[in-house]
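Open the model in your viewer and keep the selection panel at hand.

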Amino acid sequence: MFREVKDVIKHEVQPKEPEKIEFELKEEELDSIAKEESEDEEPQTPTMRRSVQERRQPERYSSSAFYSNFSLSITDDDPRTMKEVVDLEDGKLWKEAMVDEMASLHKNEAWDLVELPAGRKPIGSKWVFKKKTNAEGKVEKYKAQLVAKGYSQVSGLDFCDIFSPVAKVTSIRLLLFVVAAFYFEIE
């Protein structure tokens with residue numbers, strides 16, 4: 001089989017060079033061609049056709065329609081610092097919210113008090129204030145939260161693992177199904 005292919009390759013036809021064709025034009029024909037070329041010397045560019053219809057944006061995209069359908073109002077009158085809480089006329093309500101938050105943290109044992117290692121600084125905290133309003137816009141509740149400044153923590157020094165146990169309802173249902181299917185006892 002390989003021999004046949006080699007034979008075919010040896011006997012391939014080499015491409016031929018293109019033949020040169022020569023012809024002569026009579027003087028009369030040369031004169032007529034020269035006249036045609038001289039008449040066509042002015043270049044003619046095609047004319048662009050443009051629509052005469054006025055272009056305009058659909059009404060649904062106009063600025064007046066946009067502003068009438070959407071409005072953004074930012075009313076952030078919540079205090080940002082403790083000084084603002086003290087200076088406000090409803091400062092007593094904010095202080096009550098702070099006391100409630102601290103009571104909730106103590107009740108849920110959110111932290112343990114420990115000795116600070118030598119050469120270490122404690123992680124700071126900040127109060128975050130928010131007014132909870134109803135559908136009519138009236139204030140229903142003053143909410144104060146004490147949050148840790150976690151951005152100041154360093155991995156490996158201030159914490160090692162990030163883990164927060166969370167139980168989903170679907171996980172609990174699955175465990176109860178396994179218990180029921182295999183007749184296990186729950187303690």
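Which elements do the buried residues of H5 pack against? They pack against helix H4 (82–87), strand E1 (125–133) and strand E2 (139–148). Helices (H or I, at least four residues) and strands (E, at least two) are DSSP runs, numbered from the N terminus. Contact means heavy atoms within 4.5 Å.

Before going further, note that this is a predicted model, in which local features need pLDDT of at least 70, side-chain atom pairs count only at pLDDT 80 or more, and totals for chains, interfaces and linings use all residues. Residues are numbered from 1 along each chain as its sequence is written, and side-chain values use heavy atoms, with hydrogens and water left out.

**Stop 1: helix H5**

Select residues 91–107. Helix H5 has 17 residues and reaches 24 Å from its first C-alpha to its last, close to the 24 Å expected at 1.5 Å a residue; the expected span is 1.5 Å times one less than the number of residues. Now colour Gly91, Trp94, Ala97, Met98, Glu101 and Leu105, the buried residues of H5. Buried means under 20% relative accessible area, exposed over 50%, and partly exposed in between (1.4 Å probe, protein chains only). Looking down the axis of H5, you will find its buried residues within an arc of 115°, so they line one face of the helix. The arc is that of the directions from the helix axis to the C-beta atoms. Turn to the other side of H5, where Lys92, Val99, Asp100, His106 and Lys107 are exposed.

**Stop 2: the rings**

A search of the whole structure finds 4 aromatic pairs. Rings of Phe, Tyr and Trp (its six-membered ring) pair if their centres lie within 6.5 Å; planes under 30 degrees apart count as stacked, over 60 as edge-to-face and the rest as tilted. Select Trp94 and Tyr142: their ring centres are 4.8 Å apart and their planes are at 85°, so this pair is edge-to-face. Trp94 lies in helix H5 and Tyr142 in strand E2, so the pair ties together parts that are 48 residues apart in sequence. Both Trp94 and Tyr142 are buried. Next take Trp127 and Phe129, a stacked pair with 6.4 Å centre to centre and 15° between the planes. Trp127 and Phe129 are buried too. Ring pairs link Trp94, Trp127, Phe129 and Tyr142 into a cluster.

**Stop 3: the core**

Leaving aside neighbours within four places in sequence, Ala97 is in contact with Tyr142, Lys143 and Ala144.

**Stop 4: Lys131**

Is Lys131 buried or exposed? Lys131 lies in strand E1 and counts as buried, at 18% relative accessibility. Not counting residues up to four places away in sequence, Lys131 touches Asp77, Asp78, Asp90, Trp94, Val139, Lys141 and Tyr142.

**Stop 5: two positive phi values**

Go to Glu109, in the loop between H5 and E1. Phi of Glu109 is near 50°, a positive value in a residue other than glycine. Glu109 counts as exposed, at 64% relative accessibility. Finish at Tyr183, in the segment after helix H6 (169–181). Tyr183 has a positive phi of about 55° although it is not a glycine, and Tyr183 is exposed, with a relative accessible area of 74%.
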